[in-house]
Amino acid sequence: MAFNRTRTMLAGLAIAAAAFQAAPAAAQNLNAMNDAFNARMNGAMQSQYQNQYAQLMQNPRFQQMYHQHRAQGGQMSVQQFAYNYMATGGFTEQGMRNYQNSRSQIEDQQRRGMQDMRAAEEARARAQMGYANGYHRNNGEFGRTLQGNSTYTGPNGQNHVLPHTQPGVVQRDAQGRAFVMDNNGQYYQYTPYGWQPMRSGY
């Protein structure tokens, strides 16, 4: 029975270690995919912008509006003016409204995206901490198993480290509480209600 418990413990440690190492790798793969997607999108948007910018430089109305902007003391470069011209549909009233609405939506999306990203990072940190804590718990229990002991939980939920190699021998802790294991490996704790079954605390 002790051999089976040790073998189960070793398997659990191997699984926990693999999961602990796999979590950061999965996050890195996801980050790499996200970076590649963003690079493709940015490249496509930049190409589209360059094409529109080249056409705009040939547009007499745009040239007239830019000269007027400069004549009235405007400080935008031709590139800045072109960007604003395209973003606002030629500085039309409807285009300006659309531009402001789009900016507000983008800011909202970015704010929500940052909130989601922070929540995901916190969840990942909690998961990694869970993996680490589980790994350390498994290591501790494995060490106890090698010494012939295991953790058992009593009827009141309290954990007790007891030998798993001495069936039929009553064990007593420092407080005088009594425990006994039957021949099937089931531990019992003596309570005011008699012998109550315990469960493995691992």
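In which loop does Gly148 lie? The loop between helix 4 (93–146) and strand 1 (149–153) holds Gly148. The model is predicted, so local features need pLDDT of at least 70 and side-chain atom pairs count only at pLDDT 80 or more, while totals for chains, interfaces and linings use all residues. Residues are numbered from 1 along each chain as its sequence is written, and side-chain values use heavy atoms, with hydrogens and water left out.

**View 1. Confidence along the protein.** Mean pLDDT (the predictor's confidence in each residue, from 0 to 100) is 78 for the protein, with 75% of its residues at 70 or more. Helix 1 (residues 2–56) has the lowest confidence, a mean of 63, and helix 2 (residues 60–71) the highest, 91. Helices (H or I, at least four residues) and strands (E, at least two) are DSSP runs numbered from the N terminus. Over residues 1–10, pLDDT stays under 50.

View 2. Beyond its neighbours within four places in sequence, Gly148 is in contact (heavy atoms within 4.5 Å) with Leu162, Pro163, His164 and Thr165. The C-alpha atoms of Gly148 and Pro163 are separated by 5.6 Å, although the two residues are 15 apart along the chain.

View 3. An open sheet of 3 strands has the order 2-1-7, with antiparallel pairing (pairing requires at least two DSSP bridges between two strands). Strand 2 (159–163) and strand 7 (199–200) are at the edges with a single partner strand each, so one side of each lacks a neighbour in the sheet. Strand 1 is joined to strand 2 by 5 bridges, and Ser150 has Leu162 in strand 2 as its bridge partner.
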